[in-house]
Amino acid sequence: MARVDASKRMTPDTLGAGVYDPRTFQQFRPEEGTVVPVYKDNDVSVVVWNLAPGQENSPHSHPASAHVLWVLEGEGQCLKGDARAVPVKAGECAIVPRGVVHGMRNTGRDNLSYVAVTSVGAGGYVREVPSLTGRGEAS
C-alpha cells in the first residue's frame, strides 16, 4: 500500500481560488508509492499518485465510484478489468467506470505521477481489493 500525505488536502472551506498546479503535489519515495490528497468534498475526491520506477497502485475497484486518471509525467501501464495492461504516458488519461478493477504500474525509467479524480458514491469512498476467491475485500 502507498504512503498517504494528507497535509495539503483542501476542502470547500480552504480551496481559495481553486486553481492549482497538480505538480506541486508530487512526492516520491524510493520505498513505496505516495498518494497526496488534493481535495475532497461530498461529491468528488482528487489525489495525486506518485510512483517511482517499479512501483504500482495495485489492482482494486470501487463499487460506487468512477475515476479519471490523468498522467502528469512518466510512463507505465494502466491495469484494467481482466488484468489487461494498457500503456499510458504523460498527457494521456484513463477513464475507469465504477466497479471496474484497475491499477497503475510504473514500467518506465523515470517517475510516474498522475491525478486521480474520483466520484464519491453512495456510502462514501470504498476500495476493494480482488481476492483469490474472486470476491472483493474492502481495504
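This report walks through the sheet, the surface patch and the cores of a predicted model.

## The sheet

Six strands form an open sheet. Their order is β1-β2-β3-β10-β5-β8, and the pairing is mixed. Two strands sit at the edges: β1 (3-4) and β8 (93-96). Each of these pairs on one side only.

In general, strands of a sheet pair through backbone hydrogen bonds, either parallel or antiparallel. Here, β5 (residues 67-73) and β10 (residues 112-119) take the antiparallel sense. Six bridges join this pair. Within it, histidine 67 has threonine 118 of β10 as its bridge partner.

Val68, Trp70, Ile95 and Val117 make a nonpolar surface patch. The patch covers about 350 Å².

Take valine 117, which lies in strand β10. Is valine 117 buried or partly exposed? Its relative accessibility is 34%. Buried means under 20% and exposed means over 50%, so valine 117 counts as partly exposed.

## The cores

The largest nonpolar core has 15 residues. Trp49, Leu51, Leu69, Met104, Tyr114 and Ala116 touch the most other members.

A second core is separate and has eight residues. Among them are Val38, Tyr39, Val46 and Val115.

## A closer look at leucine 51

Which residues does leucine 51 contact, leaving aside neighbours within four places in sequence? They are Phe28, Gly33, Glu56, Asn57, Met104, Asn106, Asn111, Leu112 and Tyr114.

Conventions: Residues are numbered from 1 along each chain as its sequence is written. This is a predicted model: local features need pLDDT of at least 70, side-chain atom pairs count only at pLDDT 80 or more; totals for chains, interfaces and linings use all residues. Side-chain values use heavy atoms; hydrogens and water are left out. Two strands pair if DSSP finds at least two bridges between them. Helices (H or I, at least four residues) and strands (E, at least two) are DSSP runs, numbered from the N terminus. Patches are made of residues with over 30% relative accessible area and no salt bridge: like charges are joined within 9 Å, nonpolar side chains (Val, Leu, Ile, Met, Phe, Trp, Tyr) within 5 Å. Accessible areas come from the Shrake-Rupley method with a 1.4 Å probe; for residues, only the protein chains shown count as cover. A salt bridge is a side-chain nitrogen of Lys or Arg within 4 Å of a carboxyl oxygen of Asp or Glu. Buried means under 20% relative accessible area, exposed over 50%, partly exposed in between (1.4 Å probe, protein chains only). A nonpolar core is a set of buried Ala, Val, Leu, Ile, Met, Phe, Trp, Tyr and Cys residues joined through side-chain atoms within 4.5 Å. Contact means heavy atoms within 4.5 Å.
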